[in-house]
Amino acid sequence: MRYCSTRAGARGRSFRDVLFSGFAPDGGMFMPENIPMLSAETLRSWRSLSYQQLLCEICSLYIPEQEIPRPHLQELIAQALSSFSVPDAVRLVHLKDSLSILELFHGETLAFKDLAMSCTAQFLQYFLRRDGKRATILVGTSGDTGGSAIRSVLGLSEVDIVVVFPRGRVTRVQERQMTTSAADNVHVFAADGTSDDIDVALRKLFADPELVRRHGLMSLNSVNWSRILVQMAHFLFAFLQLSGGDGEDPRAELEVLVPTGGAGNITAGYILKLMGIPLRLVAMVNANDIVHRGVQSGDFSMSDSVKQTLAPAIDIQDPYNMERVFWLLSGGDGVMVKSLMEEFQETHRLSLPAPLHQQLCEVMSSGSVSDDGILETMRRCWQDNHYLLCPHTAVGVWRHYHCPITPGEHRCCIATASPAKFQEAVHRAGLTLDLPEAVLALDALESRYEVLERSDDWESRLRRHIESIGSARERRDQRK
């Protein structure tokens, strides 16, 4: 298995190469050069596997044995999932009217990103310790990614992590999960802007090959292929549990409702669909509806500003993983994707070519939900099931209440976070919840972060900080 850039400027890269990368050198994103197919026989043989075992099977298709031998891969995944609060790391809950909820939030920061982040951190540590190297991780976040990334590398001597979050645009729990770490390898910045603004500065830093080389600069955002790879297992587990787990036909279609921001999850689902899994994917967004408009009309253009909603982790107007979807839809036409995405980055506007738009409509549908719709869905789900949704999961479940499925069909919603992280939304819905001890304990911890004012040159500030991390690391090495 080798990897290439979605913009045609890099090919033949190893899993290790792309794991330690942010964006590709040409500004694109890394993708596998070929997508393996899963046979009906393979699916039947996987029916009884646990989530952890399925994750290992998926990863082994994309991580060659010579890079991480199978026994080591199994150990790394087991270690990554060892701290989750439910036995198999994820849990499938069955609600009324053929709706199932796949809970992915049982990690330490109560968000789905803990699954892919913890595995990716184990892969990183494996290579760094084997090769005697170090890395600096640079992460921009709209909310959940930051805390999860910090937790996954907390205290690792081989890694420093720099996290940038949009000040005033995350919940208190999300902010406290990022700013209360006292570990020396954690560096947090609060930026006076949106998560899309942050991404602009970070792209420029990753585009500097000398900076990347000197400091082992890499990303743990879903720019990183490893994140997408692990997320593929969510969809496979749901499919085998709900549609492929009984009867003679292991290929009965499953509809999956996917709360969508940066579009990493929907990308993972689409890759699994290309591998032969019959998924009907629905990208559900909040008022930041660029993906919805792209699917409905081909208008892939940013709005004038990012709208603050009750589902802040998907308050995103630059769903960067859609570049991967466009590349797949185009049959790997990196030249076309490069032209489209450079136009989008320059003008913030893009009208999808008619053939590409038609292909997009064939592989996914979409919907957009207002804050009122989120609250209505949270209340109804509680009334019907005594089940409390987080506002992001409610964005997905809204579809279930407004577009009923045919009797006998299966529908699953990806539950991306615990409602405990979004107390304001829960209270606005007129509901209550008991906070976990880990959330209550955050208030007693001291915060530590720096502020990036809107008037600052964010790229220069972050570059200087990365350089200072490298200098401090060299001084420590000299003392040893």
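Me: What makes S4 and strand S12 (residues 410–415) a pair, and in which sense do they run?
Reply: Pairing takes at least two bridges found by DSSP between two strands. Five bridges join S4 to S12, so they pair. They run parallel. In one of these bridges, Glu 103 has Ala 415 of S12 as its partner. This is a predicted model, where local features need pLDDT of at least 70, side-chain atom pairs count only at pLDDT 80 or more, and totals for chains, interfaces and linings use all residues. Numbering starts from 1 along each chain as its sequence is written, and side-chain values use heavy atoms, leaving out hydrogens and water.

Me: How do you know that strand S3 (residues 91–94) pairs with S4?
Reply: Four bridges link them, in the antiparallel sense. S3 and S4 form a hairpin with four residues between them. Asp 97, in the turn, has a positive phi of about 60°.

Me: Why is S4 (residues 99–103) called mostly covered?
Reply: Buried means under 20% relative accessible area (exposed is over 50%, partly exposed in between; 1.4 Å probe, protein chains only). Five of its five residues are buried. Leu 99, Ile 101 and Glu 103 point one way, Ser 100 and Leu 102 the other. In a regular strand, side chains alternate between the two faces of the sheet.

Me: What makes H8 largely enclosed?
Reply: Nine of its 12 residues are buried, so the rest of the structure largely encloses H8. Among them are Ile 198, Leu 202 and Phe 206.

How values were computed: Helix = DSSP H or I, 4+ residues; strand = E, 2+ residues; numbered from the N terminus.
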